[in-house]
Structures are given as C-alpha cells and as structure tokens.
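Here are my notes on the model you sent, as numbered points. Please read them with the structure open.

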Amino acid sequence: MTDKDRVDLLLDRYGETYARQAGIRLADRPQPLYQLLVLVKLLSTRISADVAVAAARELFEAGLTSPRAMVDSDEHTRWHALARGHYIRYGGPAVAQLAAGAQLLLDRWGGDLRRMHGAAYGDQEALRASLIEFPGIGPTGADIYLREVQAIWPDVRPYLDERVTAAAKAVHLPSSPDRLARLVPPNQLPELAAAVLRGAHDKSLTTA
C-alpha cells in the first residue's frame, strides 16, 4: 500500500475533525473561533472525546456561542448544559473555567481570537502559550486547537505535533511533519491529523 493509498483509507475511516463533530462551521470569525476554544477546553480533561463533543453541542444549543453570552450566563445554565452532554465528572470545575476563560478573552483580546492570532505574527509557540493561559487548557488542548484551526490560519501550517507524528509512524506513514504534510492539500491537514491519531488505535492499520 502506498502512502497515498494509506492516507486515503485513513481519511475515509477517521478523517472527521472535532470541530465538525461538534457542529462548528470553522471560519476566521469570532464566534466559531470561540466555539472551538470551548470545545478544546472540554476535550482537555480525562474524559471521552464523544462526551466532550456532546457537551459542547449542548452549550451551543443553550446559546452559549460567544464569550459575552458565556460570561452573562448563570452557573445553572452552564451546569445543566454540560449535564445533558453527560459531562458530569468534571462539570463542576468546567462551569467556573468556562466563565473565567470567556472573561479572559474579553479582557485581553476584546472577545476576538483573531487578535490573539495577529499578535503572534505566525509564531506557533507564541500562539500555543497564549492558548495555555485560558483556564482548563493545557499543552494538549493547545495542540488540539492549533491542529484544527490551521485549516483557516495558513501561517500555522503545518501544525503536526509530536502526538501526530508518533501516530503517523505507528500507521506506517512518514513521521517528519514536512513529509507528512505533503501527502494532503494544506487545507486538509486538520483531517489528516485527526485520521492519523485515531488510526493509530486501529490494529488493521498498525500491523499492516
């Protein structure tokens, strides 16, 4: 099987991004960029990705799609939305962290993550450091955000962190970020990263 064939198979099986699963129409606009931040915060705990995605969807259904809406919401609204998504174990801390993160975004970046992006001048590490400042988002969460947002922030590409390159090696693809990136069009890098990470758990791909 050629690298191209393997990539096509991976994308077909596992190429759905977290943003797409959560119903986020990712674009370089304040609302979807914030929704991705919320999703990443929920993914940053030891909980299944499916539960985090479901909880994000419930928050968005409750109208909490902007930092102002999140700050203005009461704790009960946030808690019940998370509970409907079965985000129970870490729901307590998340209720506070979501509000604190939204307030930080309003105070530091005027509620617009494009300002954070612009201030980094294409520096991946600067962006990563800024993301880690949000409550509940650590290095892993920052990596998830940058993997997904590279679809619309070209200066971030290729963002294929060590988890992705290790997974690529496991599924018999190049482990060099540059070589791996050349296997798909630039705007498909988020799907490739998602597919490789999930495919690394598929024995039919790691043993072939």
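1. The largest cavity in this predicted model has a volume of about 80 Å³. The structure holds one cavity of 30 Å³ or more. Its lining is made up of Tyr34, Leu37, Val38, Lys41, Gln97, Leu98, Gly101, Ala102, Phe134, Pro135 and Ile137. By class, eight of these residues are nonpolar, two are polar and one is charged. Helices α3 and α7 each supply at least two residues of the lining of this cavity.

2. Helix α7 covers residues 91-109, which makes 19 residues. From its first C-alpha to its last it reaches 26 Å, close to the 27 Å expected at 1.5 Å a residue. Its buried residues are Gly91, Ala94, Val95, Leu98, Ala99, Gly101, Ala102, Leu104, Leu105, Leu106 and Trp109. Among these, Leu98, Gly101 and Ala102 also line the largest cavity.

3. What do the buried residues of α7 pack against? Their partners are α3 (30-43), α4 (49-61), α5 (67-72), α6 (75-84), α8 (113-120) and α9 (124-132). Just after α7, Gly110 takes a positive phi of about 60°.

4. Two residues that are not glycine deserve a look for their backbone angles. His86, in the loop between α6 and α7, has a positive phi of about 65°. Tyr121, in the loop between α8 and α9, has a phi near 50°, also a positive value. Are these two side by side with the solvent or with the protein, that is, exposed or buried? His86 is exposed, with a relative accessible area of 61%, and Tyr121 counts as exposed at 76%.

5. The loop between α10 and α11 contains Pro158. A cis peptide bond joins Arg157 and Pro158, with omega at about -15°. I would ask you to check this bond in the viewer.

6. Tyr159 is found in the loop between α10 and α11. At 5% relative accessibility, Tyr159 counts as buried, because the cut-off for that class is under 20%. Not counting residues up to four places away in sequence, Tyr159 touches Gln124, Arg128, Asp143, Leu146, Arg147 and Gln150. The C-alpha atoms of Tyr159 and Pro177 are separated by 7.8 Å, although the two residues are 18 residues apart along the chain.

7. Helix α11 (residues 162-170) has Val164, Thr165, Ala167 and Ala168 as buried residues. Seen down the axis of α11, these fall within an arc of 160°, so they line one face of the helix. The face turned away from the buried side carries the exposed residues Glu162 and Lys169. On the buried side, the packing partners are α10 (139-149), α12 (177-181) and α13 (189-199).

8. Thr165 belongs to helix α11. Is it buried or exposed? Thr165 is buried, with a relative accessible area of 13%. Leaving aside neighbours within four places in sequence, Thr165 is in contact with Leu160, Ser175 and Pro177. Pro177 is also the residue whose C-alpha lies 7.8 Å from that of Tyr159.

9. The largest pocket is a separate topic. About 350 Å³ of space lies in it. Of the 17 residues that line this pocket, the closest to its centre are Tyr18, Ile144, Arg147, Arg163 and Leu197. Arg147, one of these, is also touched by Tyr159.

10. Which helix gives the largest share of the lining of the largest pocket? That share, five residues, comes from α13. Helices α10 and α13 each supply at least two residues of the lining. The lining residues divide into nine nonpolar, four polar and four charged. Both α10 and α13 are also among the helices that the buried residues of α11 pack against.

Terms used
Residues numbered from 1 in each chain as written. Predicted model: local features only at pLDDT ≥ 70, side-chain atom pairs only at ≥ 80, totals over all residues. Heavy atoms only, no water. Helix = DSSP H or I, 4+ residues; strand = E, 2+ residues; numbered from the N terminus. Expected span 1.5 Å × (residues − 1). Buried < 20%, exposed > 50% of the residue type's maximum accessible area, 1.4 Å probe, protein only. Contact = heavy atoms within 4.5 Å. 1 Å grid on protein atoms, 1.4 Å probe; cavity = no way out; pocket = protein on both sides within 12 Å on 5 of 7 lines; lining within 4 Å. Points joined across faces, edges and corners; volume = space filled by probe spheres on them. Nonpolar A, V, L, I, M, F, W, Y, C, P; charged D, E, K, R; others polar. Arc of directions from axis to C-beta.
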